[in-house]
Amino acid sequence: MGLFDNAVPGGNITKPLMIALGALLVGKMLSGRSAEQPDQPRAPVPADPTAAGSASGDGGLLGGLGGLLDKLKNAGHGNVADSWVGTGQNQSINPNELGNAIGPQVIREIAQRTGLDEQELLKQLSAALPGIVDKLTPNGQVPQQHQVASAFNG
């Protein structure tokens, strides 16, 4: 994956984890436009557009990286999220705290897309997100959505 090789402990991002990260941060990876998964259809958008975690056009399940950071901040993990974006040491997040911040509906949907069970998904995401977000925000600034998408497609 190049850019993200040393962002995750152990340096290895599995395909299910990339699908999960793409679903959270980009959304486009699961829309059938990826070279790796050309035939995979996008999951249907919930009928209620106000439902927590409803998919946005191309910003991932939470509205992209900014939406994910907002979810973390709203759940009381602003210091953790800020440490990932900032230039200092990345703070860790407990898998259950991450799951609570993201929300059970989104976790369930991503688990279905990846084939991972929810606890394994949260374990992998809680290990990977600090480094991934750090790599996506090298100057302490949250990039535009198209920049996040190009990092996943590059």
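This is a predicted model: local features need pLDDT of at least 70, side-chain atom pairs count only at pLDDT 80 or more; totals for chains, interfaces and linings use all residues.
Visitor: Which elements make up the chain?
Guide: The order from the N terminus is α-α-α-α-α-α-α, that is, seven helices and zero strands. Helices are DSSP runs of H or I with at least four residues, and strands are runs of E with at least two.

Visitor: Why is S126 called buried?
Guide: Buried means under 20% relative accessible area, exposed over 50%, and partly exposed in between, with a 1.4 Å probe and protein chains only. S126 has 8% relative accessibility, so it counts as buried. S126 lies in helix α6. Apart from neighbours within four places in sequence, S126 contacts I93, N94, P95 and L98, a contact being heavy atoms within 4.5 Å. In the chain of 154 residues, 46% count as buried.

Visitor: Why are α1 and α6 called oblique?
Guide: Angles under 35 degrees count as roughly parallel, over 145 as roughly antiparallel, 65 to 115 as roughly perpendicular, and the rest as oblique. Helix α1 (residues 15–25) and helix α6 (residues 118–136) pack at about 60°, with axes 10 Å apart; the pair is therefore oblique. Axes are lines fitted to C-alpha atoms over the stretch in contact, and angles run from 0 to 180 degrees between N-to-C directions.

Visitor: Which residues make that contact?
Guide: From α1 come L17, A20, L21, L24 and L25, and from α6 come L121, Q124, L125, A128, L129, I132 and L136. By class, 11 are nonpolar, one is polar and none is charged. Here Ala, Val, Leu, Ile, Met, Phe, Trp, Tyr, Cys and Pro count as nonpolar, Asp, Glu, Lys and Arg as charged, and the others, Gly among them, as polar.

Visitor: What makes α5 and α6 roughly perpendicular?
Guide: Helix α5 (residues 104–114) and α6 pack at about 95°, with axes 9 Å apart. That angle falls in the 65 to 115 range, so the two helices are roughly perpendicular to each other. I107, R108, I110 and A111 of α5 meet E118, L121 and L122 of α6. This contact has five nonpolar, no polar and two charged residues.

Notes
Residues are numbered from 1 along each chain as its sequence is written. Side-chain values use heavy atoms; hydrogens and water are left out.
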